[in-house]
Amino acid sequence: MSSETVSPPDNSAHSFLKKAAQHMRDRAEQRDSENGERSMAKTVAAFNALYGFDLTEEQGWQFMVLLKQSRASCGVFVPDDYEDGAAYFALAGEAAAKNRR
């Protein structure tokens with residue numbers, strides 16, 4: 001049995017943002033994509049073709065933010081909901097800046 005003390009997790013806002021950025025870097029490596037997770041444009045194009053909608057890339061990321069908010073609103077605390085939510089909101093901002101000029 002170890003006598004080492006375990007420090008509590010860092011649940012600061014800064015930590016959530018740092019982890020969100022790290023998740024985005026990890027996705028870039030996992031998906032072999034120079035710019036990281038940028039699959040939403042393809043995703044909404046396929047959704048729009050299947051269902052006759054006209055969602056934008058920004059709206060796709062906003063949908064994912066809502067998904068994470070919904071998951072975070074019930075059950076036990078899961079840090080990933082907040083980390084991914086921060087990343088998705090940042091990706092929505094990037095898409096808005098690119099497409100709403």
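Reply: Contact here means heavy atoms within 4.5 Å. The model is a predicted one.

Me: Which residues of α4 are met by F16, L17, K19, A20, H23, M24 and R27 in α1?
Reply: The contact of α1 with α4 comprises nine nonpolar, one polar and five charged residues. On the α1 side stand F16, L17, K19, A20, H23, M24 and R27. Their partners in α4 are P79, D80, Y82, E83, D84, A86, A87 and L91.

Me: How are α1 and α4 oriented to each other?
Reply: The axes of α1, residues 13-30, and α4 come within 8 Å. They cross at roughly 70°. An angle of 65 to 115 degrees counts as roughly perpendicular, and therefore α1 and α4 are roughly perpendicular to each other.

Me: Against which helix do the buried residues of α1 pack?
Reply: Buried means under 20% relative accessible area. In α1, S15, F16, A20, H23 and A28 are buried. The buried residues of this helix pack against α4.

Me: What span is expected for α1 at 1.5 Å a residue?
Reply: α1 has 18 residues. From its first C-alpha to its last, α1 reaches 26 Å, close to the expected span. That expected value is 26 Å.

Me: Which residue just after α1 takes a positive phi?
Reply: The phi in question is about 50°. The residue that adopts this value, just after α1, is D32.

Me: How are α2 and α3 oriented to each other, and which residues make the contact?
Reply: α2 and α3 pack at an angle of about 95°, and their axes are 8 Å apart. That angle makes α2 roughly perpendicular to α3. The contact is made by M40, A41 and V44 of α2 together with E57, G60, W61 and M64 of α3. By class, these residues are five nonpolar, one polar and one charged.

Me: Which element gives the largest share of the largest nonpolar core?
Reply: This core has eight residues, namely M40, V44, W61, V65, Y88, L91, A92 and A95. Two or more residues come from each of α2 (40-51), α3 (57-72) and α4 (79-99). The largest share, four residues, comes from α4.

Me: With which residues is L91 in contact, leaving aside its neighbours within four places in sequence?
Reply: L91 belongs to the largest nonpolar core, and L91 is also among the α4 residues that meet α1. With those neighbours left aside, the residues in contact with L91 are M24, E37, R38 and W61.

Notes:
Residues numbered from 1 in each chain as written. Predicted model: local features only at pLDDT ≥ 70, side-chain atom pairs only at ≥ 80, totals over all residues. Heavy atoms only, no water. Core = buried A, V, L, I, M, F, W, Y, C linked by side-chain atoms within 4.5 Å. Buried < 20%, exposed > 50% of the residue type's maximum accessible area, 1.4 Å probe, protein only. Axes fitted to C-alpha atoms, helices over the stretch in contact; angles between N-to-C directions. Parallel < 35°, antiparallel > 145°, perpendicular 65-115°, else oblique. Nonpolar A, V, L, I, M, F, W, Y, C, P; charged D, E, K, R; others polar. Expected span 1.5 Å × (residues − 1).
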